[in-house]
Amino acid sequence: MKVLVTGGLGFIGSHTVVDLLNEGYEVVIVDNLVNSKEDVLSKIKKITNKDVTFYKIDLCLKEDLRKIFEKEKIDSVIHFAGLKAVGESVEKPLMYYENNLISTINLLELMQEYGVYKIVFSSSATVYGNPKSLPIYEDFPLSTTNPYGTTKLMIENILTDLYKSDNKFDITILRYFNPIGAHKSGLLGEDPNGIPNNLMPYIVRVATSKLPVLNVFGNDYNTVDGTGVRDYIHVCDLSYGHVLALKNKKTGLKIYNLGTGKGTSVLELVKRFESVNHVKINYQITKRREGDIDSCYASNEKAVRELGFNPKYTLDDMCLDSYNFIKNNN
Ligand code: NAD
Ligand code: UD1
């Protein structure tokens, strides 16, 4: 089985490639390195002791992508490639619509042309907007608050329409909650350029004295301690969800939440991080970040039932592994 992994050198993609290789899949990675580095490839090889084919290609250039479909006999696709920074998407919406939509349409057209019908797509809990209640189930109403989220929802709609028009397609939409953590080896993880937007990358920068203080965005939410609650999931549990999605016997169009089902507040995460890593995180309470919601956590019952999804890493693992990666790579 040969799997084309778009965005396979990125944070979640690289962990998934490791799982696929360990499970005996052949892997072809396509990535334009807009948010990743080529040395991830050698790290993947070091961890798995297996070979992987890599093409530096922009999915927006259809004729370049066509060469891969001509050359490689692809059986299925996992589509991670995309831009993902919420704030940047508000400032540069056209860049987000162009990159995320054109790349996906090119990919889907080529899949149809070359008779490749199985695809797993990276969506996000962001498509639930402000949920009506908790936990969040897959059939909740969908809405978005920023161009990044809208590209995810638009792609979900494109996939749904495509399936209606051609039910040879076998489509899995995975809605990720908040992936953190890193590979146990300390070789793969997340280290965004510039000042991080997301909580864990910010915490590790404070822990390593790269930033002086964590701003906690509001302590007046209707939550356990007033700070925002999210469903943090170890990236290795999330990545294995993609292997399960490929192995799933159920065909058609399927949608699954990938989260742990547990909510953790900002301050709870900070305290766990301090405790397991024996390090102090300076923080200050600041005003709410625009667009943030009180709480967001999944029901993962459907993924557990239908995929055999079984997240095994704890919050302590997530804190230990995130810190271990950053210490190894700075
Ligand atoms: P990432 O930025 O680390 O990985 C994405 C990869 O896609 C990068 O390596 C980038 O170089 C590549 N890429 C982007 N545009 C491309 C193009 N046009 N052609 C070829 N390659 C391109 O992000 P990630 O955290 O690994 O996320 C993977 C996917 O999961 C993304 O689609 C993201 O929107 C989605 N997602 C991520 C999160 C999260 O918190 N990390 C949450 C929900 C959904
Ligand atoms: C963010 C994105 C969301 C995306 C998700 C996964 C926004 C508004 N939302 O979600 O679209 O799908 O990442 O990539 O960016 N926090 C702080 N201080 C910080 C950073 C965060 O207090 O410096 C708080 C936030 O208010 C929130 C929690 O930490 O309560 C988690 O934030 P973050 O890691 O940015 O993830 P989300 O907001 O859930």
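Me: How far does a polar side-chain atom of Arg 289 lie from an oxygen atom of ligand 2?

Reply: This is a predicted model, in which local features need pLDDT of at least 70, side-chain atom pairs count only at pLDDT 80 or more, and totals for chains, interfaces and linings use all residues; side-chain values use heavy atoms, with hydrogens and water left out. Residues are numbered from 1 along each chain as its sequence is written, while chains are lettered from A and ligands numbered from 1 in the order in which they are written. A polar contact is a pair of N or O atoms within 3.5 Å; within protein, one must be able to donate a hydrogen and the other to accept it, and residues adjacent in sequence count only if both atoms are side-chain atoms. For Arg 289 and the ligand 2 oxygen, the distance is 2.8 Å.

Me: What percentage of the area of ligand 2 does the protein bury?

Reply: Accessible areas come from the Shrake-Rupley method with a 1.4 Å probe; for residues, only the protein chains shown count as cover. Ligand 2 taken alone exposes 740 Å². Of that, the protein buries 87%.

Me: Which residue has a backbone N or O atom 2.7 Å from a nitrogen atom of ligand 2?

Reply: Ser 124 uses its side chain, with an N or O atom 2.9 Å from an oxygen atom of ligand 2. The backbone atom at 2.7 Å from a ligand nitrogen belongs to Asn 215.

Me: Which element supplies the largest share of the shell around ligand 2?

Reply: The shell holds 18 residues, each with a heavy atom within 4 Å of the ligand. Helices (H or I, at least four residues) and strands (E, at least two) are DSSP runs, numbered from the N terminus. Both α7 (199-207) and β8 (214-217) supply at least two shell residues. The largest share, four residues, comes from β8.

Me: Is Thr 16 buried or exposed?

Reply: Thr 16 is found in helix α1 (residues 11-22), and a polar atom of its side chain lies 2.9 Å from the backbone oxygen of Ile 12. Beyond four places in sequence, Thr 16 touches (heavy atoms within 4.5 Å) Ile 78, Phe 80, Ser 239 and His 242. Buried means under 20% relative accessible area, exposed over 50%, partly exposed in between (1.4 Å probe, protein chains only). Because its relative accessible area is 0%, Thr 16 is buried.

Me: Why does Val 90 count as exposed?

Reply: Val 90 lies in helix α4 (residues 86-91). Leaving aside neighbours within four places in sequence, Val 90 is in contact with Asn 146 and Pro 147. Val 90 counts as exposed because its relative accessibility is 51%.
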